[in-house]
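Here's a quick briefing to read with the structure open beside you.

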Amino acid sequence: MRRPLLASILTVLVACSNNPSQSSDVDGGPGSGSPIDAGSGGSGGSGGSGGGGATTITVTLSGAPDSAATFSFLAAYQDGNGAWQLAPAAVNDTYSFGVSSGAWGFAWTCVTANAVAREVYLYYFTVAEATSLTLAVPASCTDRTPATVALDGTISNPPIGGTLAVGFAGDTVDASTGATTTYALMPIPGTHDLLVGHSAATNVGGNVVIDAAAVQRGIAATGATTTANVDYNAAQSTQSGTVTVTTSNGQTAAVSTTLYSAGGAVYTMVSESGVESYTSAGLAGALAQAGDVYDQQIQVTQTGASTVVESWVTSVANQTWVAPVALGSAGSTVPTDMPYPQIETTWSAYANAIGYDWTATQALAGSACGTSGGDCSVVWAIELSPGAAGASPSALMPDLTALAGWDSKLQLQKGTKVTGSVRAATSTKGASDFPIADPASAGTQRALVSSTWTATP
């Protein structure tokens, strides 16, 4: 599951070496702290396999659309600072290409249905840090949407008052009350844990605290319809921990606890903001199972900056907010507006960073979205490894117009403000934890420190 900075964009996992380079002085890699790409668009050809002595890079992109033209989908790569090239055709969703320099980049694009969202994703690494990458295309960017099945049931002996939330795999719905208490889900076929949790009626403003839960492990929802009834008499009170957050003027706090169960359920146990005291909650010990892991998260936001601290644990514990060092300001310019506006953002290197995320979003409306009008957005997202970012990190939008299949709807437009952010990530898991993907292994501690910026082309 992708992290909040790029919510709904993608889910990623990268396999990295145990000796990532921290230097920008690599053959064909970034110079003077610039990102790997600093040049013009590449060839519209099919790309090469790399010459003698080339390093093979593999990128698995699951869910890429079968009808690429429908989504203006293309995949491309860059060898060091060389020209961008279309990636060779994927085999079983895996693109393979050779690079002869010490650094590489990969990109893919998507224009969603009705051109509401126009998105470009770029990834930059040194060869020493990674030679493989695994990505997942979101449902909005593919025609390979798997069929769903029906999962429903009756909840007997429900509690009086409050709300029952039912979770299976990554889906959660509120139970329906009436003469009987029922639930209905439409998941992708699979075998996962089923959770039914109760939150008190006093929760307001979208806040949720699960105070008791029942669990049925290993429910197989593989037929057209699966019925899984739940006796809420089996529910047990959750374990809880205190979360101490001290904020200063202008800061706001949000706290959450998310269960990633051994059986593949993703379930929100706590989501709180704007309350006097915060808590964390987890399954009762008797209901726990080896492989369950919780993401205990504290987020503190203020104007222009946001910080998230995560603690991945097998059972919830008390937490106290200790603010990481701030990232500092990020400055953005528009060094060129030809053939379309390209933004460059610079920021200070962050100690022990395992990588950086950069995003830029331009909200458009009316004729700027095409003849059909309406609202739309252009989003560019860049992931930079420490070696690719160098000692003076920056992110620069490349010119991709020479790539065959490039869609001009993916381009920023002049005269409309662009909002963006830069996020530095640290993790006790090290370089293998970048790009950030969930769940992390128990014992992992992360800090995700962001700064916002704006620019008008």
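Let's start with arginine 446, which is buried, with a relative accessible area of 2%. Its salt-bridge partner is aspartate 433, and the closest N and O atoms of the two are 2.8 Å apart. Bear in mind that this is a predicted model.

- Is aspartate 433 buried or exposed? Aspartate 433 is buried too, with a relative accessible area of 3%.
- The two residues come from distant parts of the chain: arginine 446 is in strand β31 (residues 445–455), while aspartate 433 is in the loop between β30 (418–427) and β31, 13 residues apart.

**Other salt bridges**

- How many salt bridges does a search of the whole structure find? The count is 10.
- One of them pairs arginine 217 with aspartate 193, with the closest N and O atoms 2.9 Å apart.
- Arginine 217 belongs to strand β14 (residues 208–221) and aspartate 193 to strand β13 (residues 190–199), so this is another link between distant parts of the chain, here 24 residues apart.
- The two ends of that bridge sit in different accessibility classes, because buried means under 20% relative accessible area: arginine 217 is partly exposed at 25%, whereas aspartate 193 is buried at 2%.
- Aspartate 93 and arginine 144 make a further salt bridge, and their closest N and O atoms are 2.9 Å apart.
- Here both residues are in loops: aspartate 93 lies between β4 (85–86) and β5 (94–99), and arginine 144 lies between β8 (130–136) and β9 (150–156), 51 residues apart.
- Aspartate 93 is partly exposed, at 21% relative accessible area, and arginine 144 is partly exposed as well, at 32%.

**Aromatic pairs**

- How many aromatic pairs are there? The count comes to 15 aromatic pairs.
- Take tyrosine 95 and phenylalanine 106: their ring centres are 5.8 Å apart and the planes meet at 50 degrees, so the pair is tilted.
- Tyrosine 95 is in strand β5 and phenylalanine 106 is in strand β6 (residues 103–111), so the contact ties together parts that are 11 residues apart in sequence.
- Tryptophan 104 and phenylalanine 125 are both buried.
- Zooming out, ring pairs link Tyr77, Tyr95, Phe97, Trp104, Phe106, Phe125 and Phe434 into a cluster.

**Strand β23 and its partners**

- Strand β23 (residues 305–313) has 7 of its 9 residues buried, so the rest of the structure largely encloses it.
- One partner is strand β22 (residues 293–302), which runs antiparallel to β23 and is joined to it by 9 bridges.
- Which residue in β23 stands opposite glutamine 299? That's valine 308.
- β22 and β23 make a hairpin with 2 residues between them, and glycine 304 in the turn has a positive phi of about 85 degrees.
- β23 also pairs with β31 in the antiparallel sense, over 7 bridges.
- In that pairing, serine 306 stands opposite serine 450 in β31.

**A three-stranded sheet**

- Elsewhere, 3 strands form an open sheet with mixed pairing, in the order β21-β18-β24.
- β21 (278–282) and β24 (319–320) are at the edges with a single partner strand each, so one side of each has no neighbour in the sheet.
- Strand β18 (residues 239–244) runs antiparallel to β21, and 5 bridges join the two.
- Glutamine 239 has glycine 282 in β21 as its bridge partner.

Methods: Residues are numbered from 1 along each chain as its sequence is written. This is a predicted model: local features need pLDDT of at least 70, side-chain atom pairs count only at pLDDT 80 or more; totals for chains, interfaces and linings use all residues. Side-chain values use heavy atoms; hydrogens and water are left out. Two strands pair if DSSP finds at least two bridges between them. Helices (H or I, at least four residues) and strands (E, at least two) are DSSP runs, numbered from the N terminus. A salt bridge is a side-chain nitrogen of Lys or Arg within 4 Å of a carboxyl oxygen of Asp or Glu. Buried means under 20% relative accessible area, exposed over 50%, partly exposed in between (1.4 Å probe, protein chains only). Rings of Phe, Tyr and Trp (its six-membered ring) pair if their centres lie within 6.5 Å; planes under 30 degrees apart count as stacked, over 60 as edge-to-face and the rest as tilted.
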